[in-house]
There are 2 protein chains.
Amino acid sequence: MGKSLTRREEDYSKWYNELVVKADLAENSAVRGCMTIKPYGYAIWEKIQAELDSKFKDTGHENAYFPLFVPKSLFEAEEKNAEGFAKECAVVTHYRLQSDPDRPGKLRVDPEAKLDEELVVRPTSEAVIWNTFKGWIQSYRDLPLKINQWANVVRWEMRTRLFLRTTEFLWQEGHTAHATKTEAVEEAELINTLYANFVEKFMAIPVIQGIKSESEKFAGAEETYCIEALMQDGKALQAGTSHFLGENFAKAFNVKFTSDQGKQEYVWATSWGVSTRLMGALVMTHSDDNGLVLPPNLAPIQVVIVPIFKNEEQLELVSEKANLIANDLKSKGVRVKFDNRTTHKPGWKFAEYELKGIPLRIAIGPKDLEKGTVELARRDTLSKTFENQEGLTVVIENLLKDIQHDLFIKAEAFRDDHITKVDTFEEFKDVLNSKGGFLFAHWDGTSETEEKIKGLTKATIRCIPLEQTKETGKCVFSGKESKQRVLFAKAY
Amino acid sequence: MGKSLTRREEDYSKWYNELVVKADLAENSAVRGCMTIKPYGYAIWEKIQAELDSKFKDTGHENAYFPLFVPKSLFEAEEKNAEGFAKECAVVTHYRLQSDPDRPGKLRVDPEAKLDEELVVRPTSEAVIWNTFKGWIQSYRDLPLKINQWANVVRWEMRTRLFLRTTEFLWQEGHTAHATKTEAVEEAELINTLYANFVEKFMAIPVIQGIKSESEKFAGAEETYCIEALMQDGKALQAGTSHFLGENFAKAFNVKFTSDQGKQEYVWATSWGVSTRLMGALVMTHSDDNGLVLPPNLAPIQVVIVPIFKNEEQLELVSEKANLIANDLKSKGVRVKFDNRTTHKPGWKFAEYELKGIPLRIAIGPKDLEKGTVELARRDTLSKTFENQEGLTVVIENLLKDIQHDLFIKAEAFRDDHITKVDTFEEFKDVLNSKGGFLFAHWDGTSETEEKIKGLTKATIRCIPLEQTKETGKCVFSGKESKQRVLFAKAY
Ligand SMILES: [Zn+2]
Ligand SMILES: [Zn+2]
């Protein structure tokens with residue numbers, strides 16, 4: 001196969017980069033920082049999309065689509081938001097190419113076709129959406145307005161990595177409008193919990209729900225809720241955010257409604273999103289030195305059947321049984337592939353499907369036909385058993401559930417094992433450098449301290465966890481009063 | 001409601017523009033030529049997407065995602081394609097904004113952040129995809145490669161109309177690579193037929209399959225297959241295209257494969273797409289002076305139940321029955337909404353759902369409870385009947401099928417009635433100006449004649465129909481030899 005992988009303990013970062021490419025998830029493109037999502041990676045993303053989309057709809061949200069471009073004057077209307085994204089904006093300045101007089105057959109930008117007002121390629125859509133909401137909201141009867149959009153966005157990142165940080169990425173962005181502050185805060189919380197449940201139950205990735213510190217929150221938000229996951233190298237990854245935007249965008253775009261009391265009031269807002277970054281979290285949470293490990297919920301192929309044979313006649317006999325098994329599995333909704341290619345040897349196929357993270361592999365050969373068995377291999381544990389062909393579908397259905405569950409438990413144990421309470425800055429640095437993970441430490445609540453800790457250790461406040469027994473103490477760095485512990489970590 | 005609509009015969013174009021906005025399908029945005037697709041319109045687009053996507057997958061295609069941006073040097077590689085799109089390209093030239101020293105709190109493009117090479121916002125993705133395919137294709141074993149992408153594209157149009165012609169639009173673009181010319185041509189034909197079946201059976205819009213003349217074909221294609229529909233005003237609308245690209249892109253990007261004979265050969269290509277333009281075709285094929293008419297397959301809500309009541313007590317009794325009806329319909333997979341709002345009168349609701357094109361409306365009041373009936377109204381025919389509550393679900397299931405079928409038959413009769421054989425240029429002009437529709441005429445096969453006819457009448461060759469009894473004759477314009485009749489029309 002020529003696909004041998006760097007081991008994680010050798011170089012985790014290299015392992016990740018290689019795995020994403022070798023497992024056919026994504027690759028770099030000719031466009032600086034932009035990735036191509038390959039069919040196998042995209043099939044996983046489609047599963048993420050479908051599940052999230054149905055959850056959004058179940059909670060009363062509707063999809064819509066807003067323009068890719070934001071005129072600069074709209075973009076700058078909410079100043080903090082604009083300031084936060086200004087440094088990474090791709091800008092369209094011209095609308096035509098023409099023949100290049102100096103290079104026959106080649107093109108150049110037509111200098112005559114300069115836009116009067118430049119267009120920003122959306123890094124996020126609050127501006128263009130709130131400018132639109134202005135026309136949609138007049139009365140309290142128009143509220144709440146709960147909209148989601150599946151879209152591509154562009155943020156000009158200087159250092160990019162497949163899925164984790166790319167110039168263009170795919171995401172969903174929810175944008176809601178409410179009559180009251182309470183309702184908007186509840187929406188932001190509801191979505192953060194929806195994200196947490198989705199990531200934990202569907203992707204088998206444990207997360208901690210929390211809120212961001214002032215310096216880490218979204219540009220233009222009053223409060224940013226988040227879910228934070230922990231990767232196998234001890235670095236944290238922000239897997240989703242949900243923002244309570246207050247009246248900031250309503251004021252920037254003058255969006256008011258007539259209340260049921262007949263008064264003109266500003267509208268309260270939220271926005272929230274998850275992106276193709278989740279694909280990076282998926283890879284880095286479960287996979288191993290042999291390749292991807294996929295939770296059954298997300299696996300485009302859940303079971304692969306590999307025939308063992310020495311000649312055409314054997315393949316025919318084995319295929320007959322394999323097709324029966326495959327059809328029975330399909331009838332129960334299991335996603336199964338029978339790989340009967342004669343161009344590749346079983347050993348090659350085993351390695352290939354291991355690399356691709358197929359949760360279960362069935363091998364079946366002439367001896368199995370005699371005995372009425374198959375060999376069943378689990379990708380997550382790499383364990384093999386012999387199973388009777390009779391009743392195999394039920395065994396597999398149960399195993400798929402087990403694997404989904406076990407992957408979560410394993411990741412959760414690792415995560416729980418990597419949350420360390422630290423009470424001195426020495427301890428903070430020691431644990432960060434030796435073990436990594438989350439450091440659960442007191443903090444004085446100032447951006448100044450946060451900045452200093454970041455400067456000294458590269459660790460940032462990932463979140464102030466929502467669920468914790470409140471405990472006062474002394475800041476791990478400044479020694480000043482602290483109202484509660486927060487989670488620090490180095491992060492992706 | 002304040003939503004009265006211009007009548008079609010008064011001003012068809014105005015009727016269309018008003019209807020798209022008033023029925024909440026889409027609206028213009030702050031970005032020149034870009035539309036916002038509103039939730040109701042987007043819900044219809046999602047139905048189109050889901051059905052097409054499953055048809056693509058059933059025929060062995062996989063989804064992937066390629067970058068939004070195309071570096072100019074890649075864009076210009078296939079010269080004809082580049083030339084065809086150069087005049088309508090949005091171009092990114094800078095990657096950063098900064099504070100504007102002259103306007104406090106405002107932003108300007110950072111002159112220091114100019115790109116070395118400009119990026120074209122994709123008007124279509126052949127270039128970026130074939131540059132990628134180069135890395136994916138080495139051997140005949142890698143072929144065929146059958147990829148689809150759901151994406152936004154940008155073409156800088158000077159005159160735009162919602163759905164029909166917008167600067168940004170949503171579409172799917174298929175891109176396939178094959179070992180032989182025959183296989184590529186078969187793929188292009190297969191997809192054109194897939195499009196025809198989808199548009200006819202799912203959208204109830206009759207189409208004619210054909211090929212484009214030299215001057216109307218896709219820039220960079222050897223042959224463009226298309227499906228052409230006819231709108232109620234007698235103008236044609238191209239609803240989808242499928243291109244046989246020959247070896248043009250393989251040569252431009254040097255994509256070769258080792259054949260099973262061990263020879264290096266260029267790869268054969270196709271590309272094909274349908275877009276949000278289909279939404280315009282949908283509106284203009286079926287709708288009437290009262291608003292939208294939606295085929296049941298595409299209707300986000302297929303049945304709406306409106307309660308008739310004078311007081312709270314009546315509403316409660318009616319609601320009880322309405323909920324039973326709704327639940328029974330839901331259990332059969334019918335998309336039903338019970339509108340029990342007390343803020344709007346039944347008459348308002350009737351008009352609203354008529355405007356929105358809901359195929360069936362049930363009205364139920366106290367008298368119906370006594371009699372065990374409901375009033376059932378069909379949107380397409382505007383006819384009403386009384387139906388027994390008993391067995392209602394079956395009646396409705398059958399009616400939904402009837403409506404789907406009848407809409408097609410009606411549109412097909414109109415279309416068939418608007419295909420006129422003409423044999424002189426006088427006749428050509430007379431029919432075009434009086435009746436419109438397709439003119440089935442002999443043509444000498446030259447771009448020169450085509451151009452002249454277009455200049456004189458605005459009619460273009462919509463397609464050379466695939467299915468026709470070959471008949472030689474004299475060109476309707478030049479009198480020269482003609483090998484077959486072709487379809488002319490004014491077109492969207
Ligand atoms: Zn635990
Ligand atoms: Zn017919």
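In chain B, the axes of helix H13 (residues 425-434) and helix H14 (residues 447-457) come within 12 Å and cross at roughly 45 degrees, axes being lines fitted to C-alpha atoms over the stretch in contact and angles running from 0 to 180 degrees between N-to-C directions. Helices here are DSSP runs of H or I with at least four residues, numbered from the N terminus. H13(B) and H14(B) are therefore oblique to each other, the class left over once angles under 35 degrees (roughly parallel), over 145 (roughly antiparallel) and 65 to 115 (roughly perpendicular) are set aside. Phe425(B), Phe428(B), Lys429(B) and Leu432(B) of H13(B) meet Ile453(B), Leu456(B) and Thr457(B) of H14(B), where contact means heavy atoms within 4.5 Å.

This is a predicted model, in which local features need pLDDT of at least 70 and side-chain atom pairs count only at pLDDT 80 or more, whereas totals for chains, interfaces and linings use all residues. Residues are numbered from 1 along each chain as its sequence is written, chains are lettered from A and ligands numbered from 1 in the order in which they are written, and side-chain values use heavy atoms, without hydrogens and water.

| Helix pair | Angle | Axis distance |
|---|---|---|
| H13(B), H14(B) | roughly 45 degrees | within 12 Å |
| H1(B), H8(B) | about 120 degrees | 11 Å |

Between the chains, 65 residues of chain B are in contact with 65 residues of chain A. Across this interface there are four salt bridges, each a side-chain nitrogen of Lys or Arg within 4 Å of a carboxyl oxygen of Asp or Glu. Glu46(B) forms a salt bridge with Lys57(A), with the closest N and O atoms 3.1 Å apart.

How values were computed
Helices (H or I, at least four residues) and strands (E, at least two) are DSSP runs, numbered from the N terminus.
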